[in-house]
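Have the coordinates open while you read.

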Amino acid sequence: MTTYQEHALDGASPVDLVVALYDGIIRFLYAAIAAVERGDVHGRRVAVKRALAILIHLQARLRMDIGGRPAQVLSEYYASMFALVLQASLAASPSRFEEVIGCIRNVRDAWRQVAADPAIRITAPSSASKDGSAVPSLPRFIASAETESASRWTA
């Protein structure tokens, strides 16, 4: 029997998937805060590891050869968030985790605007679904599963 959660992102656009990854980072950072408050060092480390894995995945999918400056800025952003998460974990500081959550939430909200506004979404000319309709895609500087080998990363 499959669960709703297992199929929640079936058919989601690539931009929706990016938003879901940002939501995952936020969820794991809140789990890290809860672990800090419980004094659960192992729980904090597990949650931080999951958040960092998502950041690494997002950074690895950037296409610097195509994206130019926007891809460079996103790469620097991901590296900064990675460092801030490590600092928050090292300090076991809920307030530092909250700061990172705020930064992640700002960029996630920008991606949500892209996902919600069909005028902003980019559609690849050759992208079509099985029924022939256009399939929205990520900006070209972010590799999608269709253009590169599929990732085995799971949240």
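Predicted model: local features only at pLDDT ≥ 70, side-chain atom pairs only at ≥ 80, totals over all residues.

A salt bridge here is a side-chain nitrogen of Lys or Arg within 4 Å of a carboxyl oxygen of Asp or Glu.

**A buried arginine**

Arg44 sits in helix H3, which covers residues 41-60. What is the nearest side chain of opposite charge to Arg44, and how far away is it? The answer is Asp40, at 8.4 Å. A salt bridge needs the two groups within 4 Å, so Arg44 has no salt bridge, although it is buried. What does Arg44 touch, then, once neighbours within four places in sequence are left aside? Its contacts are Ala32, Ala35, Val36, Ser89, Ala92 and Phe97.

Ala92 belongs to the loop between helix H4 (64-91) and H5. Its phi is positive, about 50°, even though Ala92 is not a glycine. Most residues other than glycine have a negative phi. With a relative accessible area of 29%, Ala92 is partly exposed.

Is His42 buried or exposed? His42 counts as exposed because its relative accessibility is 60%. Ala32, which is in contact with Arg44, is 10 residues from His42 along the chain, and the C-alpha atoms of His42 and Ala32 are separated by 9.7 Å.

Further along H3 lies Leu55. At 1% relative accessibility, Leu55 counts as buried. Leaving aside neighbours within four places in sequence, Leu55 is in contact with Ile25, Tyr78, Met81, Phe82, Val85 and Ile104. Take Phe82 from that list: Leu55 and Phe82 are 27 residues apart in sequence, yet their C-alpha atoms are 6.8 Å apart in space.

**How the helices pack**

Now for H5 and two of its packing partners. Helix H2 spans residues 14-38 and helix H5 spans residues 94-116.

| Helix pair | Axis separation | Angle | Crossing |
|---|---|---|---|
| H2 and H5 | 9 Å | about 165° | left-handed |
| H4 and H5 | within 8 Å | roughly 155° | left-handed |

The axes of H2 and H5 are 9 Å apart, at an angle of about 165°, which means that H2 is roughly antiparallel to H5. For H4 and H5, the axes come within 8 Å and cross at roughly 155°, so H4 is roughly antiparallel to H5 as well.

Which residues of H4 and H5 meet? On the H4 side they are Leu74, Tyr77, Met81, Leu84, Val85, Gln87, Ala88, Ser89 and Ala91. On the H5 side they are Arg96, Phe97, Val100, Cys103, Ile104, Val107 and Trp111.

**The whole chain**

Stepping back, the secondary structure comes to five helices and two strands. Along the sequence, the pattern reads α-α-α-α-α-β-β. The protein has 155 residues, and 35% of them count as buried; Arg44 and Leu55 are both buried. Among contacts with a separation of 6 or more, 66% link residues 24 or more positions apart.

Note on methods:
Residues numbered from 1 in each chain as written. Heavy atoms only, no water. Helix = DSSP H or I, 4+ residues; strand = E, 2+ residues; numbered from the N terminus. Buried < 20%, exposed > 50% of the residue type's maximum accessible area, 1.4 Å probe, protein only. Lys, Arg positive; Asp, Glu negative; His and termini not counted. Contact = heavy atoms within 4.5 Å. Axes fitted to C-alpha atoms, helices over the stretch in contact; angles between N-to-C directions. Parallel < 35°, antiparallel > 145°, perpendicular 65-115°, else oblique. Left-handed = near helix turned anticlockwise from the far one by under 90°.
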